Amino acid sequence: LLPNNTNAKAQGVPKISIKDAGITEDYIRDLVAANIADFFPDLKTISTEFSSWHDSTRRLDILAIDTERNLWVMEFKRDNDAAHAELQAIRYAAMLSVCGFDNLVDAGLKYRIKLGLSITVEEWENELLNFLGAADPSEVELSQIPRMVLISSRFNKEITTTVLWLNEMFGSTEEGVPGMYIMCVEVGLYEMAGQRAVHFDQIIPIPQAEEYQVQARAKAL
């Protein structure tokens, strides 16, 4: 915090973990899902707690899609509860690799009805088609390599090392060519003047280095 007196010493604002603040990952999940374009530009929420799998009852925190027709797997964890989050996200991505446009329409409609929105299947399908820049469902071909986002108050070195290695070994080598992509985002709360502010910080890949990393991988092949 900056003091009113410019000669006085500024004070740091300590970061509070989601767990210590008494906030659940569900609260952060719903906040992101309802305002996803503010946190992740060019993304649209399809559903929360997506569970339209065969022979599995697991629930994906957020299923989203971008304008390039990549599906996005988003998993939220509190603090050290993030252990094995990358493996869980990869499992979900594999299960989503056979997902079709009809599945998105069905899941998205159920999610919006759950929120209390008055919307028909035709209205939602048109909304989704407009977002994807398509005139007809037959034009929509989804990427078979969903992107993944892990969100937690903190990540241990086992997870960050694994994510860095996976992105390096199996990431895209040129623009427009699909490849594995896992993002790690740290979320924290800061108390200022009696109010709380939520801050999201992308730690992997480092935003400023993403383009360089893709070029470096291409040269290495």
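Hi everyone, let's start with the overall layout: this chain has seven helices and seven strands, where helices (H or I, at least four residues) and strands (E, at least two) are DSSP runs numbered from the N terminus. What pattern does the chain follow along the sequence? It reads β-α-α-β-β-β-α-α-α-β-α-β-β-α.

A quick word on the source. This is a predicted model, in which local features need pLDDT of at least 70 and side-chain atom pairs count only at pLDDT 80 or more, while totals for chains, interfaces and linings use all residues. Residues are numbered from 1 along each chain as its sequence is written, and side-chain values use heavy atoms, with hydrogens and water left out.

Now some totals. Of the 221 residues, 42% count as buried; buried here is under 20% relative accessible area, exposed is over 50%, and partly exposed is in between, with a 1.4 Å probe and protein chains only. The accessible surface of the chain is about 12800 Å², and carbon and sulfur atoms hold 49% of that; the areas come from the Shrake-Rupley method with a 1.4 Å probe, and for residues only the protein chains shown count as cover. Taking contacts (heavy atoms within 4.5 Å) between residues at least 6 apart in sequence, 60% join residues at least 24 apart.

Let me take you to strand β2, residues 43-50. Seven of its eight residues are buried. β2 pairs with strand β3, residues 60-66, in the antiparallel sense over six bridges; for two strands to pair, DSSP has to find at least two bridges between them.

Please keep an eye on I62. Is I62 buried or exposed? I62 is buried, with a relative accessible area of 0%. Beyond its neighbours within four places in sequence, I62 is in contact with a list of residues including R29, V32, T45, T48, W72 and F76. V73 is also on that list, and the C-alpha atoms of I62 and V73, 11 residues apart along the chain, are separated by 6.3 Å.

Next, the backbone. Most residues other than glycine have a negative phi, and most peptide bonds are trans. D42, in the loop between α2 (36-39) and β2, has a positive phi near 75°. D42 is exposed, with a relative accessible area of 52%. Then there is the peptide bond from I204 to P205, which is cis with omega near -15°. P205 sits in the loop between β7 (195-204) and α7 (210-220).

How many cavities of 30 Å³ or more does a search of the whole structure find? The search finds one. On a 1 Å grid over the protein atoms alone, a cavity is a set of points where a 1.4 Å probe fits but cannot get out, and lining residues have an atom within 4 Å of a point. The largest cavity has a volume of about 40 Å³, meaning the space filled by probe spheres set on the points, with grid points joined across faces, edges and corners. I18, E25, I28, F76, K77, R78, I151, S152 and V187 line the largest cavity. The elements giving two or more residues to that lining are α1 (25-34) and β5 (147-152).

How values were computed: On a 1 Å grid over the protein atoms alone, a cavity is a set of points where a 1.4 Å probe fits but cannot get out, and a pocket is an open set with protein on both sides within 12 Å along at least five of seven lines; lining residues have an atom within 4 Å of a point.
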